[in-house]
Amino acid sequence: MAIISGITKSIYTGNGTATDPYIISTATQFVAMQNAIRDGNAFRGKYFLQTADLNLNYCADYQPMLEGTFSGTYNGNGYVIKVKTDPVSTASYAPPFFWYVDGVIVNTGFDVDIRGSVETSYGICRKFTSGGKMLNCYIVGKIIGNRLLLDPVDSIFSIDTLLYSNLIC
């Protein structure tokens, strides 16, 4: 089993290229990508393609993101990533999917129930930086916290094309 920059190659099919992207078909694979990002792999120039709806709550290793930058391209392929955070958890303020994004997130649906019990709740990510983009995505659900960060350059609203939002803040 080969290790590629903090990620076990055998967990994915594909080579991470535009024509042969890493395939994400399970929550475990998505969480492995998150863990590699936490460990310093930004996946700059790498491509991911989601091929099924994912529910992160059924993945025992899932933790909200508290660090790391994603610099690749994540194509949700029209599928949804779903998560409900634990309002008792001290990590429930963290964005559930990404921390910093200077890559591209496209064609992805996000179904969120984020309930922060500490001072701040974030949405999809902490911040889009240096050209990070979200295109052709949608968000449904709730984000509840003592203080919501919804600055135009932060969190869920730093997107180029939002198809629709049924979001209660």
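Tyr 100 is partly exposed because its relative accessible area is 30%; buried means under 20%, exposed over 50% and partly exposed in between, with a 1.4 Å probe and protein chains only. The model is predicted: local features need pLDDT of at least 70 and side-chain atom pairs count only at pLDDT 80 or more, while totals for chains, interfaces and linings use all residues. Residues are numbered from 1 along each chain as its sequence is written, and side-chain values use heavy atoms, leaving out hydrogens and water.

Ser 130 lies 30 residues from Tyr 100 in sequence and 9.9 Å from it in space, C-alpha to C-alpha. Ser 130 is exposed, at 64% relative accessible area.

## Aromatic pairs

The structure holds 12 aromatic pairs. Rings of Phe, Tyr and Trp (its six-membered ring) pair if their centres lie within 6.5 Å; planes under 30 degrees apart count as stacked, over 60 as edge-to-face and the rest as tilted.

The ring centres of Phe 30 and Tyr 74 are 5.7 Å apart and the planes stand at 90 degrees, so this pair is edge-to-face. The pair links distant parts of the chain, 44 residues apart: Phe 30 belongs to helix H1 (residues 27-38) and Tyr 74 to strand S7 (residues 73-75). Helices (H or I, at least four residues) and strands (E, at least two) are DSSP runs, numbered from the N terminus. Phe 30 is buried at 0% relative accessible area, and Tyr 74 is buried at 0%.

Trp 99 and Tyr 100 also form an edge-to-face pair, because their ring centres are 5.8 Å apart and their planes are at 70 degrees.
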